[in-house]
Protein chains: 2
Amino acid sequence: MSKIRRFSIGNPINTEAVVQKVPIEKGELPYFERIQQMELKSDGDAQETMVQRDELWYRMGQEDRIYGLGENVRGINKRGWIYESNCSDDPNHTEEKRSLYGAHNFFVVNGAQTFGMFIDYPGKLVLDMGYERMDEIRIMPQDWNLDLYILEGDTVLDIVKGFRKLIGRSYIPPKWAFGFGQSRWGYQTKEDIRTVVRGYRKNQIPLDMVYLDIDYMEEFKDFTVNQQRFPDFPAFVEEMKREHIHLVPIIDAGVKIEEGYDVYEEGVKEGYFCKDQSGKEFVGAVWPGKVHFPDVLNREARKWFGRNYKSLLDQGIEGFWNDMNEPAIFYSEQNLEGVVKKLKSMKCQNMDMWEIFEFRDQVNELANNPEDYQSFYHNMEGKSIRHDKVHNLYGFGMTRAAGEAFEELEPDKRILIFSRSSYIGMHRYGGIWMGDNKSWWSHLLLNLKMLPSLNMCGFLYTGADLGGFGADTTEDLLLRWMALGIFTPLMRNHAALGTREQECYQFTRKEAFRNLIGVRYGLTPYLYSEYMKAALRDEMMFLPLAFVYPEDEYAKDVEDQLLVGESIMIAPVYTQNARGRYVYLPEPMKLVRLASMEQIQTEVLEQGHYYIETPLEEVVFFIRPEKIVPYTQPGQYLEETEEKELKLLHFVTKSAEYELYQDDGYSKDYENPAHVKKLHVKAE
Amino acid sequence: MSKIRRFSIGNPINTEAVVQKVPIEKGELPYFERIQQMELKSDGDAQETMVQRDELWYRMGQEDRIYGLGENVRGINKRGWIYESNCSDDPNHTEEKRSLYGAHNFFVVNGAQTFGMFIDYPGKLVLDMGYERMDEIRIMPQDWNLDLYILEGDTVLDIVKGFRKLIGRSYIPPKWAFGFGQSRWGYQTKEDIRTVVRGYRKNQIPLDMVYLDIDYMEEFKDFTVNQQRFPDFPAFVEEMKREHIHLVPIIDAGVKIEEGYDVYEEGVKEGYFCKDQSGKEFVGAVWPGKVHFPDVLNREARKWFGRNYKSLLDQGIEGFWNDMNEPAIFYSEQNLEGVVKKLKSMKCQNMDMWEIFEFRDQVNELANNPEDYQSFYHNMEGKSIRHDKVHNLYGFGMTRAAGEAFEELEPDKRILIFSRSSYIGMHRYGGIWMGDNKSWWSHLLLNLKMLPSLNMCGFLYTGADLGGFGADTTEDLLLRWMALGIFTPLMRNHAALGTREQECYQFTRKEAFRNLIGVRYGLTPYLYSEYMKAALRDEMMFLPLAFVYPEDEYAKDVEDQLLVGESIMIAPVYTQNARGRYVYLPEPMKLVRLASMEQIQTEVLEQGHYYIETPLEEVVFFIRPEKIVPYTQPGQYLEETEEKELKLLHFVTKSAEYELYQDDGYSKDYENPAHVKKLHVKAE
């Protein structure tokens, strides 16, 4: 059981991250000390300046581990780096980055003392997790208006469960969203989409979704469809549905400024866009050129923005992804003017190194400039609030707009929605994908590491762009990544314009892709059950070994294996040219080796360290003792899969029980007891 | 024994990479097929165009491995990626990069057939090592004027040794260059340097060198010293020598255009700079602003450039590093003019996405622009040759200029020299460092992987910037990196302006740094012996396990352990927060665990897989059976270390012998038999 205490400093903004009302404690904040003093600070080049130090400070024990922080670079154990909650459109997820697209201020310290902390603060927050000094945590908000929740419990899992109850039930997508989807920035026309579907169907590689990136829109205008390239869109949506394919279009945050464009005109008329200091609509630029940003933190504006999804729902669409909602800004009108003026004034004839660097920086810092984030305002409950104070809520607000609208527009049907940017609380309205990753082997491992951290923060429907979004992939990277991706609720292959084409059928080993994705489809009875139980019981679907075997010194350190639900442990290969990898078994397990859903080999292994050979064409996982994995034979799409007979994989020495969750995948009567069937296996 | 055959296509440029004359064979090139045909090629976005395919093509066996290619990203086994030999100043060594600073066109295919290939070609060369199709090698030069060497032998090591003989003996630095050096872009004054030396000496952390980055120069002018910040430089060099510190200044490729600056004026007068098409000196810009590039491919100009090092030798300097010699170009006069004009003509008021991207690209593509490399010329043996045809020779030429000058100016003394850019052949004149890496854990591992590939290509004196050059390091990353760096001949800590200060004494665990670097100093009798023997016998100092245990299926796949010389195997930890790592022992070995050179624990382990715990403060390595590791107690600098008593670590069950190489570390009578002492150990 867990205990939650809330401490309030200053006048926190109500983010609506939490759903339980926790009374504010009057006493001192436990664990942390607030340190306020002037200090000499070096800038790294022998320049020292006096700075005001003002932080929450905690001394770690040598063995302390830190879990959480949701979407971020680095390990499952976050210790040893400095993070910033500052939602950023940055496609280079290298190790030194401090922010990605989300702001997930929940973490658990596990060691000398064990406790959880949630910092409900929507501005930029710096979290030094042992960077400046390896044994200190330092928490530094931009201003001191924040709610702090301290969570305690018997185990890390208790604390996490307590937190998940605090923030409310995770989003549940329709069941078809557990199928495999293909995406690419660059599918220009209906015919491009048909080619993709044909490519999969012809090669009998299962597929349930094709994503529409920005190309489907009319000049990148939200809620429009290009009539030249996608004429009679409803008929095309219908055509795809007959092929058992869902089209999932993207929606961007910025609304194009264009006379006659209804969304723009309505928004201006109703005053639903963010304003600058003078009260005029703030002008940024994104894909369509100049845009206004819908004020999704304003209840009324949010309602209005959400209702716009109706036009696509009416055309048969049942799923969306919300993008560019950090919000990304390529440039702002005011900033661009300044830079162009500056560039023109520079004597560009004999620039020395400092001038050429400034020239370059001027241009490169046009995008996502902190000054721009300080120059527009939201109207929250009648109060004007400068954007940077609530920056991390924007993606949450946009996705909430959609989620709330779907409740109203489609009360009886689940709609797929996931977002790039997020804040805790958004997990109730939609999932997230892990953003614009790269075709790097290191991002396969990062994908794995983010899964439990995201689950801790409520994000269950998630996954990474398999094969990598930016840069050119290779066939082996895609195969290995797929072998992880088949376990993630959101399973999609997505790539950027100009990179190598990476639809599975583009490569030689078509049978391997068919079989790998077939394994995903075959395992959906298990994966869907585990997802639904995790969502309905506020639990994690992906768990670090440390959470399940807290007394096992080896398990605590494992950063490249996960438990997936109650029965399965995975240990994917994430290095090129490797014939296998080391795997640690914290208890006896049954190794399952699948060349396809029809070619299954198993072997019981004792607790210990192993080198497990894993050919490119195989999926390997492990079943825990007295556990069951229900599966079936895959079809070409999920619906076809569901018609097949249910079978069981298991590792049973005495007896085992499994709760299978089955529903129609569309309705919302989640708690209906008829959805849960108990399966039993007894040793013969 | 190895066999070398040479095949010549077209009119190859004489790169002087090889030193043995191999007659040209008339017959067909073995192994490879030349494929010339027109083909439809997709650009990744459904646009297809006809392209001329013209390549050397080889079909790999499924188990084939590819070794070599020197300085590059990715694995020891290079299979599965596409590389380009195209020396590039690119500080982001991410997985998808195809070129780093060097061009090292030697590789060995090991598998169904085993052979080596050296492509002696100084232009841009594309090497598809199983990228487009996993089982094909495709070699694509820009034009068909190249020398091909095919090497065969009984083992991979035979082939490598044959190649090393072909290209001539590797550079040998002075012995003090095996000490530890501290560097930083940002040491501005004498006092900054003194602070660094005091920081090390006060904390008793050994140190032999401080590097001077561009800050020491007068306005970034080669061979000058800033008189305000380094007044009376010879006295300062002398002061440092009394502290047993060698100062090692940087030399850049570009020569500042400035009236009255002797190097500039001489170069213009003698016509020693590269010319544009009209015959005027080509104008690029680097650190000092506008520069000319010395034509180091012209024998006379090279001589002249080399003689300029004399001014610093005369001030007491005994070592240098050559930088920016790809050559890096921030912008060229002509290119900048065009871009500025273009920017001014753009209607910068409402740029859409494509315009803003073009705007950004225009500015970012100013640097190292391929068009610039096509617009200047070298004078090689009287012939004018466009730079791009010989681009990869520039760093070689610059370092050869220095090396040849040192032979003339200091015939009896070794001078330290290493370079950023290189081509095979340059290894005879100097070492290389691994360029502007980052404070990433992945670069620690990349550092390890590059060592054997570089050794194959003749580069023995090498190492990476420990702790990482770009981005902010952490204490644990630096400690772990040091634990690898203590084995690399070039051992230095170097960081970029604006990053976290990372001198060892800046962190808490000063004792750990003292002990780690102490282990390096303690092991120098071994490391120096192994270096000298590798250089004098054309052997590798760092070997993949695959080369030494070719029959061992596990050993073949190991990408994170190396043999260092004949006695030691290393297996450094390269992940954050790890308590240890998996290690494979292909034969019984003695584990050696050192908290310092005085706290040594050993344990004999059988062949097999192990999880080896490795605390942050310890060095762990393994001694092979019947092998000896001579060591000593460390001093605060190398000379002091040499005075200490020699001791032996060993794993002897019967008897072992070791050849210890000892000389004065300065002279060049390398072959003097008195330098080799045989050590014997018999089991008691």
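## Strand pairing around S7(A)

Two strands count as paired if DSSP finds at least two bridges between them. In this predicted model, strand S4 (residues 65-68) of chain A and S7(A) run antiparallel and are joined by four bridges.

The link between S7(A) and S8(A) is a hairpin of four residues.

## Burial of S7(A)

Strand S7 covers residues 106-110 of chain A, and four of its five residues are buried, so the strand is largely enclosed by the rest of the structure. A residue is called buried when its relative accessible area is under 20%.

A:His246 belongs to strand S14 of chain A, which spans residues 246-252. Its relative accessible area is 12%; because the cut-off for buried is under 20%, A:His246 counts as buried.

The side chain of A:His246 takes part in polar contacts with two aromatic residues' side chains: A:Trp176 at 3.4 Å and A:Tyr666 at 3.5 Å. Apart from neighbours within four places in sequence, A:His246 is in contact with A:Trp176 and A:Tyr666, and also with A:Asp208, A:Met209, A:Val210, A:Lys241 and A:Glu318.

Notes:
Residues numbered from 1 in each chain as written. Chains lettered and ligands numbered in written order. Predicted model: local features only at pLDDT ≥ 70, side-chain atom pairs only at ≥ 80, totals over all residues. Heavy atoms only, no water. Helix = DSSP H or I, 4+ residues; strand = E, 2+ residues; numbered from the N terminus. Buried < 20%, exposed > 50% of the residue type's maximum accessible area, 1.4 Å probe, protein only. Polar contact = N/O pair within 3.5 Å; in protein donor to acceptor, adjacent residues only side chain to side chain. Contact = heavy atoms within 4.5 Å.
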